Amino acid sequence: MSLTTATNVDRAELFIGGVWQKPASDRRITVRSATTEEVIGSVPEATEADVDRAVAAARRAFDDPRGWSTWDPADRAAVIERLADEVDARSEETVRAISQQNGMPITIARALEAAYPSATLRFYADLIRTQPVEEQRPGLFLKSTTIRRTPIGVVAGIIPWNVPQSLTMTKLAPALAAGNSIVLKPSPETVLDAFILADAISAAGVPEGVVSILPGGRDLGAYIVSHPGIDKVAFTGSTVGGRAVAKACAELLRPVSLELGGKSAAIILDDADLDLQKIGQSFFTATLANNGQVCFLGTRVLAPRKRYDEVVDVLAALMQYSPLGDPLEDATLFGPMASKAQQERVANYIEIGKSEGGRVVVGGSGRPDGWDRGHFVRPTLFADVDNTARIAQEEIFGPVLTVIGYDDDADAIRIASDSEYGLGGSVWSADPDRAMGVARAVETGTIGINGYIPELSAPFGGVKQSGYGKEFGAEGLAAYQQVKSIYHFA
Ligand code: NAD
(Lines give C-alpha, C1' and ligand atoms only; values in the text may rest on other atoms or scores of the structure.)
Protein backbone atom coordinates (compact mmCIF):
# COMPACT_ATOMS: atom_id res chain seq x y z
CA MET A 1 0.00 0.00 0.00
CA SER A 2 1.46 3.37 -0.95
CA LEU A 3 0.43 6.35 1.12
CA THR A 4 2.10 8.86 -1.14
CA THR A 5 2.57 12.33 0.20
CA ALA A 6 2.99 14.12 -3.06
CA THR A 7 1.98 17.67 -2.28
CA ASN A 8 4.07 19.38 0.38
CA VAL A 9 3.34 22.90 -0.68
CA ASP A 10 4.50 25.88 1.32
CA ARG A 11 3.37 29.25 0.12
CA ALA A 12 4.44 32.62 1.49
CA GLU A 13 2.07 35.01 -0.29
CA LEU A 14 -1.62 35.52 -0.84
CA PHE A 15 -3.36 35.99 -4.18
CA ILE A 16 -4.90 39.42 -3.69
CA GLY A 17 -6.38 41.17 -6.69
CA GLY A 18 -4.57 38.81 -9.04
CA VAL A 19 -1.15 39.65 -7.61
CA TRP A 20 0.89 37.56 -5.17
CA GLN A 21 1.25 39.78 -2.11
CA LYS A 22 2.69 39.60 1.36
CA PRO A 23 -0.15 38.80 3.78
CA ALA A 24 -1.09 41.32 6.44
CA SER A 25 -0.39 38.86 9.27
CA ASP A 26 1.93 35.90 9.77
CA ARG A 27 -0.91 33.54 10.69
CA ARG A 28 -0.82 30.30 8.71
CA ILE A 29 -3.08 27.39 7.84
CA THR A 30 -1.37 24.01 8.16
CA VAL A 31 -2.83 21.35 5.91
CA ARG A 32 -2.74 17.67 6.88
CA SER A 33 -3.40 14.60 4.81
CA ALA A 34 -6.81 13.11 5.62
CA THR A 35 -5.21 9.68 5.14
CA THR A 36 -1.89 9.87 6.98
CA GLU A 37 -2.58 12.95 9.15
CA GLU A 38 0.90 14.17 8.17
CA VAL A 39 1.49 17.82 7.27
CA ILE A 40 1.33 18.21 3.49
CA GLY A 41 1.45 21.95 3.14
CA SER A 42 1.03 25.34 4.67
CA VAL A 43 -0.33 28.63 3.37
CA PRO A 44 -0.91 32.10 4.83
CA GLU A 45 -4.28 32.60 6.50
CA ALA A 46 -6.02 35.70 5.21
CA THR A 47 -7.18 38.30 7.72
CA GLU A 48 -9.61 41.20 7.63
CA ALA A 49 -6.90 43.57 6.38
CA ASP A 50 -6.32 41.24 3.41
CA VAL A 51 -10.05 41.24 2.69
CA ASP A 52 -10.06 45.04 2.72
CA ARG A 53 -7.22 45.08 0.20
CA ALA A 54 -8.89 42.45 -2.00
CA VAL A 55 -12.26 44.22 -2.02
CA ALA A 56 -10.60 47.56 -2.78
CA ALA A 57 -8.70 46.01 -5.71
CA ALA A 58 -11.89 44.34 -6.95
CA ARG A 59 -13.79 47.61 -6.74
CA ARG A 60 -11.05 49.51 -8.63
CA ALA A 61 -11.07 46.86 -11.36
CA PHE A 62 -14.84 46.96 -11.59
CA ASP A 63 -15.06 50.74 -11.72
CA ASP A 64 -12.24 51.13 -14.27
CA PRO A 65 -13.92 52.67 -17.35
CA ARG A 66 -11.81 50.41 -19.57
CA GLY A 67 -11.73 47.48 -17.13
CA TRP A 68 -12.91 43.85 -17.26
CA SER A 69 -16.56 44.76 -16.67
CA THR A 70 -16.59 46.93 -19.80
CA TRP A 71 -14.77 44.51 -22.10
CA ASP A 72 -16.46 43.07 -25.13
CA PRO A 73 -17.90 39.72 -23.93
CA ALA A 74 -15.92 37.90 -26.65
CA ASP A 75 -12.67 39.25 -25.17
CA ARG A 76 -13.66 38.10 -21.70
CA ALA A 77 -14.60 34.71 -23.17
CA ALA A 78 -11.12 34.37 -24.70
CA VAL A 79 -9.45 34.96 -21.32
CA ILE A 80 -11.84 32.52 -19.63
CA GLU A 81 -10.95 29.89 -22.23
CA ARG A 82 -7.25 30.49 -21.59
CA LEU A 83 -7.99 29.97 -17.91
CA ALA A 84 -9.74 26.67 -18.76
CA ASP A 85 -6.55 25.56 -20.56
CA GLU A 86 -4.39 26.56 -17.60
CA VAL A 87 -6.72 24.72 -15.22
CA ASP A 88 -6.54 21.61 -17.42
CA ALA A 89 -2.76 21.81 -17.48
CA ARG A 90 -2.78 21.58 -13.68
CA SER A 91 -5.63 19.10 -13.28
CA GLU A 92 -3.61 16.10 -12.10
CA GLU A 93 -1.76 18.24 -9.54
CA THR A 94 -5.11 19.64 -8.44
CA VAL A 95 -6.89 16.32 -8.02
CA ARG A 96 -3.98 14.84 -6.06
CA ALA A 97 -4.02 17.84 -3.72
CA ILE A 98 -7.78 17.46 -3.24
CA SER A 99 -7.60 13.70 -2.62
CA GLN A 100 -4.98 14.17 0.03
CA GLN A 101 -6.77 17.03 1.74
CA ASN A 102 -10.36 15.78 1.86
CA GLY A 103 -10.01 12.04 1.17
CA MET A 104 -11.79 12.08 -2.20
CA PRO A 105 -10.88 8.86 -4.08
CA ILE A 106 -8.67 9.85 -7.00
CA THR A 107 -10.86 8.32 -9.72
CA ILE A 108 -13.82 10.31 -8.38
CA ALA A 109 -11.61 13.39 -8.13
CA ARG A 110 -10.69 12.98 -11.80
CA ALA A 111 -14.36 12.60 -12.78
CA LEU A 112 -15.47 15.61 -10.74
CA GLU A 113 -12.59 17.92 -9.94
CA ALA A 114 -10.66 17.49 -13.18
CA ALA A 115 -13.61 17.33 -15.58
CA TYR A 116 -16.09 19.92 -14.26
CA PRO A 117 -13.94 23.01 -13.56
CA SER A 118 -12.59 23.63 -17.07
CA ALA A 119 -15.86 22.48 -18.66
CA THR A 120 -17.70 25.05 -16.52
CA LEU A 121 -15.34 27.80 -17.64
CA ARG A 122 -15.79 26.85 -21.30
CA PHE A 123 -19.56 26.60 -20.91
CA TYR A 124 -19.85 30.16 -19.57
CA ALA A 125 -17.31 31.50 -22.09
CA ASP A 126 -19.55 30.10 -24.87
CA LEU A 127 -22.69 31.47 -23.28
CA ILE A 128 -21.42 35.01 -22.82
CA ARG A 129 -20.11 35.06 -26.37
CA THR A 130 -23.53 34.28 -27.78
CA GLN A 131 -25.74 36.19 -25.33
CA PRO A 132 -26.62 39.70 -26.56
CA VAL A 133 -25.84 42.45 -24.06
CA GLU A 134 -29.04 44.18 -25.13
CA GLU A 135 -32.25 42.83 -26.59
CA GLN A 136 -35.39 44.60 -27.78
CA ARG A 137 -38.83 43.54 -26.65
CA PRO A 138 -42.01 44.86 -28.25
CA GLY A 139 -44.11 46.60 -25.61
CA LEU A 140 -47.76 46.31 -24.62
CA PHE A 141 -48.08 49.91 -23.37
CA LEU A 142 -44.97 51.32 -25.00
CA LYS A 143 -43.43 50.95 -28.42
CA SER A 144 -40.58 48.81 -27.16
CA THR A 145 -38.15 48.18 -24.32
CA THR A 146 -34.41 47.57 -24.39
CA ILE A 147 -33.35 44.90 -21.90
CA ARG A 148 -29.72 45.47 -20.98
CA ARG A 149 -27.62 42.97 -19.03
CA THR A 150 -24.77 44.25 -16.87
CA PRO A 151 -22.54 42.68 -14.22
CA ILE A 152 -23.50 43.17 -10.57
CA GLY A 153 -20.15 44.39 -9.20
CA VAL A 154 -17.92 42.76 -6.60
CA VAL A 155 -19.01 39.22 -5.74
CA ALA A 156 -18.06 37.15 -2.68
CA GLY A 157 -17.85 33.39 -3.26
CA ILE A 158 -17.75 31.20 -0.14
CA ILE A 159 -16.69 27.62 -0.83
CA PRO A 160 -16.92 24.38 1.20
CA TRP A 161 -14.25 21.67 1.32
CA ASN A 162 -16.08 18.71 -0.16
CA VAL A 163 -15.82 19.35 -3.93
CA PRO A 164 -13.78 22.53 -3.75
CA GLN A 165 -12.77 23.19 -7.35
CA SER A 166 -16.08 22.38 -9.02
CA LEU A 167 -17.88 24.52 -6.45
CA THR A 168 -15.40 27.36 -6.93
CA MET A 169 -16.11 27.29 -10.64
CA THR A 170 -19.89 27.44 -10.23
CA LYS A 171 -19.18 30.96 -8.92
CA LEU A 172 -15.96 32.04 -10.63
CA ALA A 173 -16.91 31.08 -14.20
CA PRO A 174 -20.30 32.84 -14.47
CA ALA A 175 -19.11 35.78 -12.35
CA LEU A 176 -16.16 36.35 -14.71
CA ALA A 177 -18.23 35.78 -17.84
CA ALA A 178 -20.73 38.41 -16.75
CA GLY A 179 -17.92 40.91 -16.03
CA ASN A 180 -17.86 40.95 -12.24
CA SER A 181 -14.86 41.01 -9.91
CA ILE A 182 -14.80 38.25 -7.30
CA VAL A 183 -13.33 37.53 -3.88
CA LEU A 184 -13.23 33.79 -3.20
CA LYS A 185 -12.88 32.22 0.22
CA PRO A 186 -11.94 28.54 0.19
CA SER A 187 -12.34 26.43 3.34
CA PRO A 188 -9.27 25.93 5.52
CA GLU A 189 -9.49 22.16 4.86
CA THR A 190 -8.89 22.61 1.12
CA VAL A 191 -6.55 25.48 0.42
CA LEU A 192 -3.81 23.83 -1.63
CA ASP A 193 -6.00 23.35 -4.70
CA ALA A 194 -7.09 26.99 -4.35
CA PHE A 195 -3.46 28.11 -4.65
CA ILE A 196 -3.01 25.96 -7.75
CA LEU A 197 -6.05 27.72 -9.21
CA ALA A 198 -4.49 31.08 -8.34
CA ASP A 199 -1.41 30.09 -10.38
CA ALA A 200 -3.70 29.22 -13.30
CA ILE A 201 -5.51 32.58 -13.05
CA SER A 202 -2.19 34.36 -13.03
CA ALA A 203 -0.95 32.43 -16.09
CA ALA A 204 -4.20 33.03 -18.00
CA GLY A 205 -3.83 36.79 -17.84
CA VAL A 206 -7.00 37.67 -15.95
CA PRO A 207 -6.57 41.42 -15.36
CA GLU A 208 -5.39 42.78 -12.03
CA GLY A 209 -7.95 43.24 -9.28
CA VAL A 210 -10.56 40.91 -10.77
CA VAL A 211 -9.93 37.76 -8.68
CA SER A 212 -8.71 37.30 -5.11
CA ILE A 213 -8.44 34.01 -3.20
CA LEU A 214 -8.43 34.40 0.57
CA PRO A 215 -8.22 31.23 2.65
CA GLY A 216 -9.73 31.40 6.10
CA GLY A 217 -12.44 30.10 8.38
CA ARG A 218 -15.97 30.99 9.34
CA ASP A 219 -15.14 34.38 10.90
CA LEU A 220 -13.31 35.55 7.81
CA GLY A 221 -16.28 34.35 5.74
CA ALA A 222 -18.67 36.37 7.91
CA TYR A 223 -16.44 39.44 7.51
CA ILE A 224 -16.41 39.10 3.72
CA VAL A 225 -20.17 38.51 3.48
CA SER A 226 -20.93 41.74 5.42
CA HIS A 227 -18.17 43.85 3.87
CA PRO A 228 -19.53 47.18 2.59
CA GLY A 229 -17.69 46.73 -0.73
CA ILE A 230 -19.45 43.48 -1.66
CA ASP A 231 -22.46 43.62 -4.01
CA LYS A 232 -23.53 39.96 -4.08
CA VAL A 233 -22.83 36.80 -2.12
CA ALA A 234 -22.75 33.24 -3.43
CA PHE A 235 -22.52 30.70 -0.62
CA THR A 236 -22.19 26.94 -0.73
CA GLY A 237 -22.07 25.15 2.59
CA SER A 238 -24.15 23.90 5.46
CA THR A 239 -27.70 25.00 6.16
CA VAL A 240 -26.54 26.45 9.50
CA GLY A 241 -23.88 28.54 7.75
CA GLY A 242 -26.31 29.51 5.00
CA ARG A 243 -28.84 30.76 7.51
CA ALA A 244 -26.21 33.03 9.13
CA VAL A 245 -25.19 34.35 5.70
CA ALA A 246 -28.82 34.92 4.69
CA LYS A 247 -29.42 36.92 7.90
CA ALA A 248 -26.40 39.14 7.26
CA CYS A 249 -27.48 39.69 3.65
CA ALA A 250 -31.10 40.37 4.63
CA GLU A 251 -29.95 43.18 6.90
CA LEU A 252 -27.91 44.69 4.05
CA LEU A 253 -30.49 43.91 1.34
CA ARG A 254 -27.62 42.19 -0.47
CA PRO A 255 -28.46 39.59 -3.11
CA VAL A 256 -27.40 36.11 -2.06
CA SER A 257 -27.59 32.62 -3.49
CA LEU A 258 -27.45 29.66 -1.12
CA GLU A 259 -26.49 26.10 -2.07
CA LEU A 260 -26.95 24.21 1.17
CA GLY A 261 -27.31 20.75 2.64
CA GLY A 262 -29.40 17.81 1.50
CA LYS A 263 -30.88 14.47 2.51
CA SER A 264 -32.11 13.19 -0.80
CA ALA A 265 -33.95 9.97 -1.63
CA ALA A 266 -32.88 7.23 -4.03
CA ILE A 267 -36.24 5.68 -4.92
CA ILE A 268 -36.06 2.11 -6.17
CA LEU A 269 -39.31 1.25 -7.94
CA ASP A 270 -40.51 -2.36 -7.82
CA ASP A 271 -39.56 -2.96 -11.49
CA ALA A 272 -35.96 -1.71 -11.12
CA ASP A 273 -33.09 -3.78 -12.44
CA LEU A 274 -30.94 -4.49 -9.38
CA ASP A 275 -28.12 -6.29 -11.19
CA LEU A 276 -25.00 -4.77 -9.64
CA GLN A 277 -22.98 -5.40 -12.81
CA LYS A 278 -25.32 -3.03 -14.60
CA ILE A 279 -26.23 -0.41 -12.00
CA GLY A 280 -23.49 -0.73 -9.36
CA GLN A 281 -21.31 2.12 -10.55
CA SER A 282 -24.09 4.59 -11.19
CA PHE A 283 -25.87 3.68 -7.96
CA PHE A 284 -22.62 4.20 -6.04
CA THR A 285 -22.15 7.63 -7.68
CA ALA A 286 -25.72 8.64 -6.81
CA THR A 287 -25.57 7.56 -3.16
CA LEU A 288 -22.02 7.17 -1.86
CA ALA A 289 -19.57 9.17 -4.02
CA ASN A 290 -16.74 11.03 -2.29
CA ASN A 291 -17.20 9.02 0.92
CA GLY A 292 -20.71 10.35 1.24
CA GLN A 293 -19.43 13.94 1.39
CA VAL A 294 -21.60 15.35 -1.40
CA CYS A 295 -24.68 17.50 -0.85
CA PHE A 296 -26.93 15.84 -3.48
CA LEU A 297 -26.44 12.15 -2.59
CA GLY A 298 -29.51 9.94 -2.21
CA THR A 299 -28.61 8.64 1.24
CA ARG A 300 -32.19 7.63 2.04
CA VAL A 301 -32.78 4.57 -0.10
CA LEU A 302 -36.50 3.92 -0.52
CA ALA A 303 -37.20 0.23 -1.18
CA PRO A 304 -40.55 -1.34 -2.16
CA ARG A 305 -41.64 -3.64 0.66
CA LYS A 306 -42.01 -6.65 -1.65
CA ARG A 307 -38.34 -6.36 -2.68
CA TYR A 308 -37.01 -4.89 0.58
CA ASP A 309 -34.67 -7.77 1.50
CA GLU A 310 -33.32 -7.93 -2.04
CA VAL A 311 -32.52 -4.20 -2.02
CA VAL A 312 -30.75 -4.52 1.35
CA ASP A 313 -28.70 -7.48 0.06
CA VAL A 314 -27.71 -5.63 -3.12
CA LEU A 315 -26.67 -2.50 -1.20
CA ALA A 316 -24.75 -4.62 1.31
CA ALA A 317 -22.83 -6.25 -1.54
CA LEU A 318 -22.17 -2.89 -3.18
CA MET A 319 -20.75 -1.43 0.02
CA GLN A 320 -18.74 -4.52 1.00
CA TYR A 321 -17.12 -4.94 -2.42
CA SER A 322 -16.20 -1.26 -2.83
CA PRO A 323 -12.55 -1.04 -1.74
CA LEU A 324 -11.65 1.27 1.15
CA GLY A 325 -8.16 2.68 1.44
CA ASP A 326 -5.66 5.27 0.29
CA PRO A 327 -7.63 7.75 -1.85
CA LEU A 328 -4.60 8.21 -4.12
CA GLU A 329 -4.91 4.62 -5.34
CA ASP A 330 -7.03 4.06 -8.43
CA ALA A 331 -8.90 1.09 -6.97
CA THR A 332 -10.13 2.96 -3.89
CA LEU A 333 -13.82 3.84 -3.72
CA PHE A 334 -14.01 4.77 -0.01
CA GLY A 335 -11.35 7.08 1.42
CA PRO A 336 -11.15 8.86 4.78
CA MET A 337 -13.36 11.73 5.92
CA ALA A 338 -11.98 15.22 5.29
CA SER A 339 -11.26 16.02 8.92
CA LYS A 340 -11.26 14.68 12.45
CA ALA A 341 -14.41 16.73 13.13
CA GLN A 342 -16.15 15.11 10.16
CA GLN A 343 -14.99 11.64 11.26
CA GLU A 344 -16.43 12.25 14.73
CA ARG A 345 -19.67 13.59 13.30
CA VAL A 346 -20.21 10.49 11.15
CA ALA A 347 -19.21 8.13 13.98
CA ASN A 348 -21.70 9.91 16.23
CA TYR A 349 -24.49 9.47 13.68
CA ILE A 350 -23.73 5.74 13.47
CA GLU A 351 -24.28 5.55 17.25
CA ILE A 352 -27.48 7.59 16.92
CA GLY A 353 -28.71 5.19 14.24
CA LYS A 354 -28.09 2.21 16.48
CA SER A 355 -29.79 3.88 19.43
CA GLU A 356 -32.80 4.61 17.22
CA GLY A 357 -33.15 0.89 16.52
CA GLY A 358 -31.64 0.84 13.02
CA ARG A 359 -30.31 -2.61 12.04
CA VAL A 360 -26.62 -2.42 11.08
CA VAL A 361 -26.21 -4.57 7.96
CA VAL A 362 -22.72 -3.41 6.98
CA GLY A 363 -20.11 -1.47 8.97
CA GLY A 364 -21.01 0.06 12.29
CA SER A 365 -18.96 1.64 15.06
CA GLY A 366 -15.18 1.98 15.08
CA ARG A 367 -12.51 2.27 12.46
CA PRO A 368 -12.16 -0.09 9.52
CA ASP A 369 -9.64 -2.89 10.15
CA GLY A 370 -6.04 -1.91 9.39
CA TRP A 371 -6.71 1.84 9.41
CA ASP A 372 -5.61 3.18 12.74
CA ARG A 373 -4.42 6.45 11.17
CA GLY A 374 -6.44 8.85 9.04
CA HIS A 375 -10.01 10.01 9.38
CA PHE A 376 -11.56 6.70 8.39
CA VAL A 377 -15.04 5.50 9.32
CA ARG A 378 -16.69 2.22 8.40
CA PRO A 379 -19.13 2.63 5.50
CA THR A 380 -22.41 1.70 7.15
CA LEU A 381 -25.74 0.41 5.92
CA PHE A 382 -28.78 0.70 8.18
CA ALA A 383 -31.96 -1.25 7.48
CA ASP A 384 -35.39 -1.11 9.16
CA VAL A 385 -35.18 2.65 9.57
CA ASP A 386 -38.23 4.86 9.76
CA ASN A 387 -38.21 8.11 7.80
CA THR A 388 -38.74 10.04 11.04
CA ALA A 389 -35.44 8.75 12.52
CA ARG A 390 -32.68 11.33 12.91
CA ILE A 391 -30.41 9.33 10.59
CA ALA A 392 -33.14 9.60 7.93
CA GLN A 393 -33.80 13.30 8.45
CA GLU A 394 -30.43 14.87 9.24
CA GLU A 395 -27.53 15.30 6.84
CA ILE A 396 -24.73 12.96 7.95
CA PHE A 397 -22.26 13.78 5.15
CA GLY A 398 -20.53 10.42 5.30
CA PRO A 399 -20.80 6.90 3.84
CA VAL A 400 -23.98 5.98 5.70
CA LEU A 401 -27.12 4.77 3.90
CA THR A 402 -30.51 4.07 5.43
CA VAL A 403 -33.02 1.78 3.72
CA ILE A 404 -36.65 2.79 4.23
CA GLY A 405 -39.54 0.57 3.10
CA TYR A 406 -42.58 1.89 1.21
CA ASP A 407 -45.91 0.48 -0.01
CA ASP A 408 -46.53 1.93 -3.47
CA ASP A 409 -45.29 4.75 -5.75
CA ALA A 410 -47.47 7.35 -4.01
CA ASP A 411 -46.03 6.29 -0.65
CA ALA A 412 -42.48 6.54 -2.06
CA ILE A 413 -43.16 10.08 -3.32
CA ARG A 414 -44.62 11.06 0.05
CA ILE A 415 -41.61 9.72 1.99
CA ALA A 416 -39.08 11.20 -0.46
CA SER A 417 -40.71 14.63 -0.04
CA ASP A 418 -41.03 14.28 3.73
CA SER A 419 -37.75 16.05 4.42
CA GLU A 420 -36.79 19.57 5.36
CA TYR A 421 -34.30 19.41 2.49
CA GLY A 422 -34.87 19.14 -1.27
CA LEU A 423 -31.69 19.12 -3.34
CA GLY A 424 -31.08 15.90 -5.31
CA GLY A 425 -32.48 12.39 -5.60
CA SER A 426 -32.94 9.58 -8.07
CA VAL A 427 -35.59 7.17 -9.35
CA TRP A 428 -34.63 3.65 -10.48
CA SER A 429 -37.03 1.85 -12.80
CA ALA A 430 -37.27 -0.19 -16.01
CA ASP A 431 -40.16 2.03 -17.15
CA PRO A 432 -39.06 5.57 -18.14
CA ASP A 433 -42.62 6.97 -18.08
CA ARG A 434 -43.33 5.66 -14.63
CA ALA A 435 -39.96 6.97 -13.37
CA MET A 436 -40.73 10.34 -14.96
CA GLY A 437 -44.04 10.50 -13.12
CA VAL A 438 -42.30 9.93 -9.81
CA ALA A 439 -39.49 12.39 -10.68
CA ARG A 440 -42.07 15.09 -11.46
CA ALA A 441 -43.82 14.62 -8.13
CA VAL A 442 -40.92 14.60 -5.64
CA GLU A 443 -40.27 17.95 -3.90
CA THR A 444 -36.67 18.58 -4.89
CA GLY A 445 -34.57 20.94 -7.00
CA THR A 446 -32.95 18.20 -9.10
CA ILE A 447 -33.55 14.49 -9.63
CA GLY A 448 -32.05 11.79 -11.87
CA ILE A 449 -33.63 8.81 -13.59
CA ASN A 450 -31.50 5.65 -13.27
CA GLY A 451 -28.52 7.71 -12.13
CA TYR A 452 -27.54 11.08 -10.75
CA ILE A 453 -24.90 13.57 -11.73
CA PRO A 454 -25.39 17.33 -12.13
CA GLU A 455 -25.61 18.49 -15.74
CA LEU A 456 -23.64 21.63 -16.53
CA SER A 457 -26.17 23.03 -18.98
CA ALA A 458 -29.16 22.67 -16.61
CA PRO A 459 -29.90 24.72 -13.48
CA PHE A 460 -28.80 23.10 -10.22
CA GLY A 461 -30.05 24.16 -6.80
CA GLY A 462 -32.28 23.22 -3.93
CA VAL A 463 -35.68 23.92 -2.48
CA LYS A 464 -36.72 24.24 1.18
CA GLN A 465 -33.73 24.11 3.59
CA SER A 466 -31.39 23.22 0.70
CA GLY A 467 -31.27 26.89 -0.24
CA TYR A 468 -32.27 29.18 -3.06
CA GLY A 469 -30.80 30.39 -6.32
CA LYS A 470 -29.48 28.31 -9.19
CA GLU A 471 -26.02 27.42 -10.43
CA PHE A 472 -25.08 25.95 -13.82
CA GLY A 473 -27.01 26.55 -17.02
CA ALA A 474 -28.07 29.95 -18.32
CA GLU A 475 -29.73 30.51 -14.92
CA GLY A 476 -26.27 30.32 -13.33
CA LEU A 477 -25.11 33.24 -15.50
CA ALA A 478 -28.25 35.27 -14.80
CA ALA A 479 -27.39 35.04 -11.08
CA TYR A 480 -24.37 37.29 -11.76
CA GLN A 481 -26.13 39.84 -13.94
CA GLN A 482 -28.44 42.78 -13.40
CA VAL A 483 -31.05 43.60 -15.96
CA LYS A 484 -32.06 47.13 -16.75
CA SER A 485 -35.19 48.00 -18.74
CA ILE A 486 -34.98 51.10 -20.93
CA TYR A 487 -38.47 52.19 -22.04
CA HIS A 488 -38.82 53.73 -25.50
CA PHE A 489 -41.61 56.24 -26.02
CA ALA A 490 -40.90 57.18 -29.57
P1 NAD B 1 -19.89 25.14 6.33
O2 NAD B 1 -21.19 25.84 6.25
O3 NAD B 1 -19.33 24.87 7.65
O4 NAD B 1 -18.76 25.98 5.56
C5 NAD B 1 -18.88 26.28 4.18
C6 NAD B 1 -18.06 27.52 3.89
O7 NAD B 1 -18.69 28.63 4.50
C8 NAD B 1 -16.65 27.51 4.47
O9 NAD B 1 -15.81 28.24 3.60
C10 NAD B 1 -16.82 28.23 5.79
O11 NAD B 1 -15.62 28.80 6.26
C12 NAD B 1 -17.84 29.28 5.43
N13 NAD B 1 -18.72 29.72 6.49
C14 NAD B 1 -19.29 29.00 7.48
N15 NAD B 1 -20.10 29.77 8.23
C16 NAD B 1 -20.06 31.00 7.69
C17 NAD B 1 -20.70 32.24 8.01
N18 NAD B 1 -21.52 32.37 9.04
N19 NAD B 1 -20.44 33.30 7.21
C20 NAD B 1 -19.62 33.20 6.14
N21 NAD B 1 -18.96 32.07 5.82
C22 NAD B 1 -19.19 30.98 6.58
O23 NAD B 1 -20.04 23.81 5.47
P24 NAD B 1 -18.92 22.68 5.23
O25 NAD B 1 -18.94 21.78 6.40
O26 NAD B 1 -17.63 23.29 4.80
O27 NAD B 1 -19.51 21.94 3.94
C28 NAD B 1 -20.40 20.92 4.03
C29 NAD B 1 -21.81 21.42 3.81
O30 NAD B 1 -21.91 22.04 2.53
C31 NAD B 1 -22.83 20.31 3.79
O32 NAD B 1 -23.96 20.70 4.53
C33 NAD B 1 -23.18 20.17 2.31
O34 NAD B 1 -24.43 19.62 2.06
C35 NAD B 1 -23.07 21.56 1.85
N36 NAD B 1 -22.85 21.59 0.39
C37 NAD B 1 -23.87 22.02 -0.41
C38 NAD B 1 -23.72 22.02 -1.79
C39 NAD B 1 -24.81 22.49 -2.70
O40 NAD B 1 -24.53 22.76 -3.87
N41 NAD B 1 -26.04 22.59 -2.25
C42 NAD B 1 -22.52 21.58 -2.35
C43 NAD B 1 -21.52 21.13 -1.50
C44 NAD B 1 -21.69 21.17 -0.12
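Axes are lines fitted to C-alpha atoms, for helices over the stretch in contact. The model shown in these views is predicted.

**View A. Helices α4 and α5.** Helix α4 covers residues 106–130, and helix α5 covers residues 164–178. Their axes come within 9 Å and cross at roughly 10 degrees. Angles under 35 degrees count as roughly parallel, so α4 is roughly parallel to α5. The crossing in which α4 passes α5 is right-handed. On the α4 side, the residues that meet α5 include Leu112, Tyr116, Leu121 and Ile128. On the α5 side, those that meet α4 include Pro164, Met169, Ala173 and Ala177.

**View B. The largest nonpolar core.** This core has 85 residues. Leu83, Leu172, Ile201, Val211, Ile213, Phe283 and Leu381 touch the most other members. Helix α4 supplies the largest share, ten residues. The core lies between domain 1 (9–260 + 465–488) and domain 2 (265–455), because both give residues to it. Another core, of 34 residues, lies apart from it and has Leu14, Val183, Val256 and Leu258 among its members.

**View C. Surroundings of valine 211.** Leaving aside neighbours within four places in sequence, valine 211 is in contact with residues including Phe15, Ile16, Gly17 and Gly18. Leu172, Leu176, Ile182, Leu184, Ile201 and Val206 are also among the contacts of valine 211.

**View D. Threonine 239 in helix α8.** Threonine 239 belongs to helix α8, residues 239–252. Its relative accessible area is 10%, so threonine 239 is buried. Apart from neighbours within four places in sequence, threonine 239 is in contact with Leu260, Gly261, Tyr421 and Gln465.

Note on methods
Residues numbered from 1 in each chain as written. Predicted model: local features only at pLDDT ≥ 70, side-chain atom pairs only at ≥ 80, totals over all residues. Heavy atoms only, no water. Helix = DSSP H or I, 4+ residues; strand = E, 2+ residues; numbered from the N terminus. Buried < 20%, exposed > 50% of the residue type's maximum accessible area, 1.4 Å probe, protein only. Contact = heavy atoms within 4.5 Å. Core = buried A, V, L, I, M, F, W, Y, C linked by side-chain atoms within 4.5 Å. Domains from an automatic or database assignment. Axes fitted to C-alpha atoms, helices over the stretch in contact; angles between N-to-C directions. Parallel < 35°, antiparallel > 145°, perpendicular 65-115°, else oblique. Left-handed = near helix turned anticlockwise from the far one by under 90°.
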